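Welcome! Let us walk through this protein together, starting with the whole fold and ending at a single residue.

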Amino acid sequence: MKVKSPLEVYNFLPRTNCKECGYDTCMSFASHILDRSAKVFDCKPLVRDAEKDAKAKEKLEKLIELTSPEIAEVVVGVGSSALKIGGEEVLHRHELTYFNPTAFFYDIWDSLDDKKIDERCDRVVSYKKFYVGKYLTLDGFAVRCTSNDPKRFAEVVKKVAGYGKPMTLIALNPECMKAALEVVADQRPLIYAATEGNWKEFLKLALDYKVPVVLRAKDLNLLKSLAVTFKSAGVKDLVLDPVTEPIGEGLQGTFERVIQLRRKAILDGDKDVAYPIMVTPIAAWMIEGDEVTKSYWETVIASMFIVKYADAMIFHSIDQHVVMPTLTLRFNIYTDPRTPVQVAPGLREINNPTPEDPVFITTNFALTYYTVENDLNSAKIRGWLLVLNTEGIGVEASVAGGKFTASKVKELINETKVGEKVKHRYLVIPGLAARLQGAIEDETGWKVLVGPIDSGRIKGWMEKNWPPKK
Ligand code: SF4
């Protein structure tokens, strides 16, 4: 995106404040364009003018160019489960934010029997992990043609499509790919992959079925030339695969190619390579060794490229020791650094507390809050949990930075009227806030008990300290 302020966008708009876009003013619409919650095409008067007048059309095209992300955004799938890949603006997350999390596709191959295919699909579809207030799930399937039989591949692709997740179709044989597209092109799968050997056939498939396509080449000049050829033929939804090699110098070379591609696109403004990048941790399964070694390397490769700069990935393992760390890492890399992950402050009731139960306090940093809540729940402790607004900052940093103070604790006690819900005046503060014990007692008149540093130890702490000795 080359425009940086709403005013720059505003200057391209009709400036009539007609509200057709759903916003009260053109300036408000302009700021939503910048934060990507609105699209240029939502301004209907602008689009209507462009249909009638060549100058207005030029203006619209210029605005689209100025507001398009640096890396093209490609949509895979349809409806509510569709995935956006790419669409990034910056090289480093702290410069702005990353927008579209790396899409994870899990492989299904057509020489598996139908029962095993269903089992694998069920595992992908049902995987769910609660983390920092959200459910982390798996994105889609990578259906591989290992049979080299167009009929079988089409059958399996159709079956997997029934699970309603976005798909990457993997077949180097254009006949197999064509057979699959005949049955699922309307699901907008990503087709993998056009290479030096088959690009003409894949170009035709991408044009005929209007689907996004992965271009694959280890030589970055060749990769770029494939991208230029596809784009000039009218295929704009491209993903680049610079070939993942799993260990040693091969892995180092992969890393360098991925970095070069993204730097060329963002730092040098080379639009011919400004496309999402595909990395394939599944390549780890080519390494000699047992399954544990392969899945270990699959996790290592995925982790490297979640951080830098993969927009889509193909995995083999759906074991917890691969899925959980990669999903968690992706979640953390793709949170917006401009807004700390936080929960609403206030008072929470844990396990139907009574007036005799303890009052705890924690911060509204989501990771801290959900950890404390989870630890209290799993220890089956009843209690009242005060959540202090520290602007999404954890306990230690918020105490040091003046966001967790005695006066704010007093305000929270007053606002939530927790004193009317309990018959005692004891407040349990986190161990990391111990230095505020005296100040909170002076400010609130409550007796302060210093809880454990780690809320995972709350059960043992309660056994020794609650009810408090008079
Ligand atoms: Fe302004 Fe266009 Fe929105 Fe109307 S539709 S308020 S002209 S941005």
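Predicted model: local features only at pLDDT ≥ 70, side-chain atom pairs only at ≥ 80, totals over all residues.

The protein contains 17 helices and 17 strands, and its C-alpha trace spans about 85 × 65 × 40 Å along the principal axes. Of its 470 residues, 51% count as buried. The protein exposes about 22,200 Å², with carbon and sulfur atoms supplying 52% of that area. As for charge, there are 64 positive and 63 negative ones, and their mean positions lie 4 Å apart.

Now let us zoom in on a pair of helices. Helix H11 covers residues 291-307 and helix H12 covers residues 320-333; they pack with their axes 9 Å apart, at an angle of about 5°. Because angles under 35 degrees count as roughly parallel, H11 is described as roughly parallel to H12. On the H11 side, the residues making the contact include Ser295, Thr299, Ala302 and Ile306, while H12 contributes, among them, Val322, Pro325, Leu329 and Arg330.

Arg330 also leads us to our last stop, as Pro101 touches Arg330 along with Asp311 and Tyr334, leaving aside residues up to four places away in sequence. You will find Pro101 in the loop between strand E2 (83-86) and strand E3 (103-109). Is Pro101 buried, exposed or in between? Its relative accessible area is 38%, so Pro101 is partly exposed. Ile85 is 16 residues away from Pro101 along the chain, and the C-alpha atoms of the two are separated by 7.3 Å.

Methods. Residues numbered from 1 in each chain as written. Heavy atoms only, no water. Helix = DSSP H or I, 4+ residues; strand = E, 2+ residues; numbered from the N terminus. Buried < 20%, exposed > 50% of the residue type's maximum accessible area, 1.4 Å probe, protein only. Areas by Shrake-Rupley, 256 points an atom, 1.4 Å probe, with all protein chains shown as cover. Lys, Arg positive; Asp, Glu negative; His and termini not counted. Charge placed at Lys NZ, Arg CZ, Asp CG, Glu CD. Axes fitted to C-alpha atoms, helices over the stretch in contact; angles between N-to-C directions. Parallel < 35°, antiparallel > 145°, perpendicular 65-115°, else oblique. Contact = heavy atoms within 4.5 Å.
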